[in-house]
Amino acid sequence: MALAKWPLSGTPIVEDSIPRRLRRLAAMAGADPLLTLLFPDQPPRSFTFGELLTLADGWAGRFQTAGLQPGDGVVVILQHGPDLYAAYLGALLGGWVPAQFAPPSAKFAHGDYCSAIVTLLTNARAAALVTSPALAGRLAGIGERVPTLRQVCTAPESAAPSTPLAVPKDPRRPVLMQFTSGTTGLKKGMVLSEAAVLWQVDRYARAIGLGPHDRIVSWLPLYHDMGLLACFFLPLLTGTPLVALSPFDWVADPARLLQAVSHYRGTLTWMPNFAFALLADRVTDDRLTGIDLSCWRGVINCSEPVRPGNMADFQKRFSPFGLQDTALGVSYAMAENTFAVTSGGVGRSLVLHTLDQDCLAREGRAVPHPQGRRVASSGRPLPDTRISILDDRGNPLPDGHLGEIGIHSPGLFDGYLGTAGTTDAFLPNGLFRTGDLGYLEQGELFVLGRRQDTLIIGGANLFPQDIEALADGVPGVVPGRTAAFGIDDDALGTQALVVLAETREQDPKRRRSIRQALFERITAGSEATPRDVRVLDHMILRKSTSGKISRNLNRQRYLDGGFGPLVPTAGPMAAAGATASATTLEGVMACVREILAMARPDLVRELQADTPLFSSGLIDSFARVTLITGLEQAFGRSRTPGLLAALERLDTIRALADHLDGAAQDAQAPANDAAALPPALARKYRLVPQMADAERQPYEWTAYLMRRGAAHYRSPSLTSDAWGFRTVLGRHGPVTLEAFHAHRGPRGLVLGNSTAYGVGTSGDQAVLASRLNRMTDALWFNFSQRASSMTQERLAVELHAPLEVDHLVWVSGINNLIAVLLDEGEPTNPAPFVGERYFLKVMNPDRNAAGEHPDLQQRLQGMVRTLDRELGLLAAAFRPHGTRLLYCLQPALSWIDKPLTAEEVELVGLFDGMASPVQRAHHPEHLAPWRAFYSRTLATLCRRHGLKFIDCNQDPALAGNAWLFVDRTHLTDQGHGLLAERIGRWVAHGRDRMEETL
């Protein structure tokens, strides 16, 4: 048990010293163990406070015999064992300045490790090195390279000094050296004062409510600030018992930590975020027999940005074994502040925010959004600690704004080793710039990542840990063993994303599947498409000494070719050189291969001269520009006039080559392509560039059944699955049809045509179904289609959807009316679907559509019968399963009395000017007269079959001043958001009514 009389008599920190406090605590301690060391192949070894100090005095005698002077540096490099603690403690007691460094790993080359040790010893001005006999032999002759080094010690003196060594009383004297974890480059050492260490221990102990019944259990290495301060100085300077196991033993068998907590009734543990994920993933039930974690009152996440998903998974995994919700804790900690800057949780609920990811990435503001990115607070500052959020010039930012974290506290270091006692990171007011990005809100600090790790892709700021979290969720990837980083692409003027992921899978086919899944999940769940994804053997990625994957080291290794040949950049010059003496077909093939290698390198070998490029989604609108630039440089501008405008019909490499050869032979070809894209379309795609992809998406036709998107379609704005349904994003990434069927919680279906499908939205995350996944507690899937009728939509659900769902929302209707007004059917069909004539002509080119067609009144009657039939069939299928049914008459700008924004004025003008009969039919002069009739008809039919009916054209939110439409039928991101909020209220209302009934 911890000493009940701590802290000692309220002694002010400035009048105390570490050696004096340790002697006083040892004199008060009893026979209970202070330190218990666990080993996998031998019994535990326990030491009382007095026994530990006796061992430490033996080491102090060795240092004294070696002639060390006060303030000399002592570096300890030892494996887990008593001497690891005693040697370091002996240096403290004698007034020397100790430092810990990691023992060599099997993955470190001996030469590299020796070089690192020389740098460490030189920076630390080490007079003594404490290490094992084996490592001492490997480091023979190191003293010649480190002038200050007097002795390499492998064992303490047999007899301790007769009297304790006298230590000068000076609160500002250097008391220890510690080193940063090294995740961003060369490890930086710093000296910490005695006053800073005592302040940290006392203030942090009070922040977590440390008391006489606490017991710390740890696997953390002492060469990292979290292990050194939380699991060495904190227990020593408060008399709190410590149970410790080796970090290498923990990695080999993570369940050992849980067994130790249960057996020794541990109350406190500190871990980096990756350890929460690893424990939840790796520990199986058979290793938890008899485990009781109810004693754990504080499991504290620090040293990395906190990922709420990992914390939730950890709590869910171990709650059956007694882990309490209130045990989860957080802390923002760093070596430069001795250790903790903030503290949160541990008896209190964690503070979570859900943020608009686009606003965070592009504007640097933390704006709440129900469908956004979840972030966790790292707690509130310790007493006497001030936190500021700084802009690029060091000026403070208000709450809710993202910037660099600055701190001012009594625990701050004075400077890095090798400097003149200061550092450029300090501002004139004493505020230390941490290099971390975060924001403050109501006193809580939210840490989002390292400033220098932030990726800037296409103008958006992306955080690598978010990309890594997506990668961690792919089946087959080892959680916590991923690295995301950017590489410069001068040709594109931005960064390109590279993702490395480890797997235990060895089957080549399975590894290719994992790689494809990584591409799809990252593309769907973020604003970036990876340039390159590598699936690597387990344990190949380099880590820092603190156990964190080092993005910087792995990035450099990637650039050096350590993971294989690099994927080429987007620059077109390589293609130009490759085609200098080649045929036109070979030259185009080389250009396309280079473009394809950026996003889909797995398909480069399968590329053929007749492979569809644009209609298949292999090359999207962003890559088209690069392709045209490459072709211009390879073949000259005289052969590529108007190429962009012609791409719609040049869908293969062969077609492109034929076009280029034809242009070369045409002496009258225009010399410039300034008008390659019609001005009207150029204006449209400048406002809504994603429409260029959505409108070019091909269709898959099945006779009178459905009209979806193309299977596996990919573009910057949308993706589709193997069935052609648009990708839906849940809370943890894309939702597959298989996962939707297997889901055992609440489920919801979104049904409809292109409005619900999301034509016009900027990405998958903005579409109705994805928004509902973040707003409600149900898992939603999008069964909507392109240019579909209600018959096609109902059949899609009947063929693919489970019937046991809680909610079904049908956003549709307008295409049935448009088809009737245009008389799209054959003579015998009074209720056609849009495009029916075209479809029938494709199926039978000799078909003669002549004949007497039904008049408008007959077509309207046929339409009503069709609507009645489809609503009745759908209700009959789902009603027996208790499904709540909602039909939304989709919004149409011709039916809504809304003030148009400048964007809507321009876009609607372009839409109305198109020559397509379908687009002309949406004009108010054709469509407006039918709204009242159509709304009343659908309302009546919905009542007949028990569906809730909403006419979205009467929703005041959709009649507001915001930019909601990209043409007369399709909604912007904000439009989808308003529609989702309306549906979310219907879902919540139904839940409230159910609860009232129960």
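Two strands count as paired here when DSSP finds at least two bridges between them, and helices (H or I, at least four residues) and strands (E, at least two) are DSSP runs numbered from the N terminus. This is a predicted model, where local features need pLDDT of at least 70, side-chain atom pairs count only at pLDDT 80 or more, and totals for chains, interfaces and linings use all residues. Residues are numbered from 1 along each chain as its sequence is written, and side-chain values use heavy atoms, with hydrogens and water left out.

**The four-stranded sheet**
- Four strands make an open sheet in the order β18-β19-β20-β21, with antiparallel pairing.
- β18 (386–390) and β21 (444–450) sit at the edges with a single partner strand each, so one side of each has no neighbour in the sheet.
- Inside the sheet, β19 (residues 403–408) and β20 (residues 432–441) pair antiparallel over four bridges, and Gly403 has Gly438 in β20 as its bridge partner.

**Asn753**
- Look for Asn753 in the loop between β31 (747–752) and α24 (754–757); at 1% relative accessibility, Asn753 counts as buried.
- Leaving out residues up to four places away in sequence, Asn753 has contacts (heavy atoms within 4.5 Å) that include Ser784, Glu793, Val811 and Gln890.

Methods: Buried < 20%, exposed > 50% of the residue type's maximum accessible area, 1.4 Å probe, protein only.
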